[in-house]
Amino acid sequence: MYSYCTCMFVLISRLAKLKKKEIEIAMLTFLISLYHLVSDDLQFLHFGTSSEVLDHLSGDASGIVGRRHLCSIPATTVSDIAASSVILSSEIAPGVSIGEDSLIYDSTVSGAVQIGSQSIVVGIHIPSEDLGTPESFRFMLPDRHCLWEVPLVGHKGRVIVYCGLHDNPKNSIHKDGTFCGKPLEKVLFDLGIEESDLWSSYVAQDRCLWNAKLFPILTYSEMLKLASWLMGLDDSRNKEKIKLWRSSQRVSLEELHGSINFPEMCNGSSNHQADLAGGIAKACMNYGMLGRNLSQLCHEILQKESLGLEICKNFLDQCPKFQEQNSKILPKSRAYQVEVDLLRACGDEAKAIELEHKVWGAVAEETASAVRYGFRGKNLATTVWYNTFHKPGFNSFICSSEHLLESSGKSHSENHISHPDRVFQPRRTKVELPVRVDFVGGWSDTPPWSLERAGYVLNMAITLEGSLPIGTIIETTNQMGISIQDDAGNELHIEDPISIKTPFEVNDPFRLVKSALLVTGIVQENFVDSTGLAIKTWANVPRGSGLGTSSILAAAVVKGLLQISNGDESNENIARLVLVLEQLMGTGGGWQDQIGGLYPGIKFTSSFPGIPMRLQVVPLLASPQLISELEQRLLVVFTGQVSSNH
């Protein structure tokens, strides 16, 4: 199959030989998911043969291949589209048939087209009005064939090109040369085509499909009718068709290679994808639940420049109506995020930044609800929670009547000391935790994703230089208030713990400990009415090293606070509380970091959305040999590149 270049998606795919087939297929999947490839310096791409593309897509690991992307597909009752076919950036009309394991890319396929199995169609945009009704004309692409369309320099129209999946265009007509899977010499004989019709200046041994002037430049319907004839699907000795073919201007694959109008091809592809994205976004707004990535769809829509901007502005105007219609079932965080995406697409960055605070506030609220975050008892004043969350960037909400501590089976009075005139009893607790290495699954644990979908992470707890690098010491003091000290030399004394409110400043070095005081309930309960607290934290890990340091430190502080107040210090409870804590801090983290530090060894953790969110941690028993190999070979190096939760 002919290979395209620059910003046209390349269908041909052969990757360098790798030891693991799965890696090769994963890389291929990434390639075919690209909308198109843009490079100013790139002139030619070739990854292999067309048949190898289909081999990858239908092979043993075909389950990891995304088979539908940025496409419009009719209902199964008005079309016959095989589930194994891959359709990318394409619009399929009712009445179309697509066979097993075929690949359709950047195309508009009308209702008068039937595509066989294991075929490839690229860049085809068949105007249905030129073909008439399916009863009067129906174009069929046989099994194991390729069909594509390109604009040519100096021509208003486009040329349609086709061949067999396994044709080698460089094979001589007299030495195994084929066209559409049949010997080229026999094809010419059956159709009544002379070699002189195709080759005028080539000697016999150089005559092949590559340089044969075979493909006519005519109207769409004429090109498709002649394509059926040339592929042997029509009356082979049709005098009318051979006359039309001979009188037409024709080009060879070789001539196509140097005559493609790349700017027009790229522009046409961009406009086509923008139209598809606009239709999908409209359906998402009108009929769906905003589950699509509106930011990416807007990026595609804006390829139409001024018209694309108008489309995005129209969507933005519809946001209030949509949110009102679906207020009872649509998560606020998603509704706000869609509006943020549309504001950015419309160029209003200031409003987008302002509204983005509401996104994280809604995520915090939804996360708290998902972990059943609230407090038992009537002693908690609603106004405290109103002040905590009713700030710029947070939605006010009233907590549920049940606290996570309920899993401990202890009553409110058992969990918290509430007698201001009691005799002071010094208490001290020290918590040290490892860091974690993430193998796979990161970000699937992070709200709002994990609030709506299952998340899966495989990670491992590790020490650094033989010690637990993260820790805290918390002790009660005679001095009222809360004193905080970190390993950077920062110190803070809070005389009135009730004054701790969100949102915190981004550069506040104590926001992690403050958030821990809020989520554990120590500030809201009267535990600190009769005793002070001294909290010291440390993390012997470079900041932003990507080892889950901040979340694990939060887990250590939460665990220490629950220990000193006789709270529920189970790992699951701590993991959930830290999940809420991350949202209060504004870092937007998930559950995998604290799970990685709280549970020893290697573990596979799953989360399941709902109220409450369910966490399932499955320890993986590593063999002594594997543990020995890891300890001998695992090298943790800080590159200086700081990671971020956002």
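Six strands of the predicted model form an open sheet of mixed pairing, in the order β1-β3-β6-β9-β11-β12, where strands are DSSP runs of E of at least two residues and helices are runs of H or I of at least four, both numbered from the N terminus, and where two strands pair if DSSP finds at least two bridges between them. Because β1 (68-69) and β12 (158-164) stand at the edges with a single partner strand each, one side of each is left without a neighbour in the sheet. The partner of β1 is strand β3 (residues 86-88), which runs parallel to β1 and is joined to it by two bridges; within this pair, Arg68 stands opposite Ile87 in β3.

Residues are numbered from 1 along each chain as its sequence is written. As the model is predicted, local features need pLDDT of at least 70 and side-chain atom pairs count only at pLDDT 80 or more, while totals for chains, interfaces and linings use all residues, and side-chain values use heavy atoms, with hydrogens and water left out.

Strand β19 (455-462) pairs in the antiparallel sense with strand β18 (residues 435-440) over five bridges, and Val437 stands opposite Met460 in β19. An antiparallel pairing over six bridges also links β19 to strand β24 (residues 602-608), in which Lys603 is the bridge partner of Asn459. β19 is mostly covered, with six of its eight residues buried (buried meaning under 20% relative accessible area, exposed over 50% and partly exposed in between, with a 1.4 Å probe and protein chains only).

The second largest pocket has a volume of about 660 Å³, and the elements that give two or more residues to its lining are β19 (455-462) and α20 (624-633). A pocket is here an open set of points on a 1 Å grid over the protein atoms alone, where a 1.4 Å probe fits, with protein on both sides within 12 Å along at least five of seven lines, and lining residues have an atom within 4 Å of a point; the volume is the space filled by probe spheres set on the points. Of the 25 lining residues, Ile462, Thr463, Leu464, Leu634 and Val636 lie nearest the centre of the pocket. By class, the lining has 18 nonpolar, five polar and two charged residues, with Asp, Glu, Lys and Arg counted as charged, Ala, Val, Leu, Ile, Met, Phe, Trp, Tyr, Cys and Pro as nonpolar, and the others, Gly among them, as polar.

Thr531 lies in the loop between α16 (511-519) and β23 (532-539) and is buried, with a relative accessible area of 1%. The side chain of Thr531 reaches the backbone oxygen of Thr477 at 3.3 Å.

Conventions. Polar contact = N/O pair within 3.5 Å; in protein donor to acceptor, adjacent residues only side chain to side chain.
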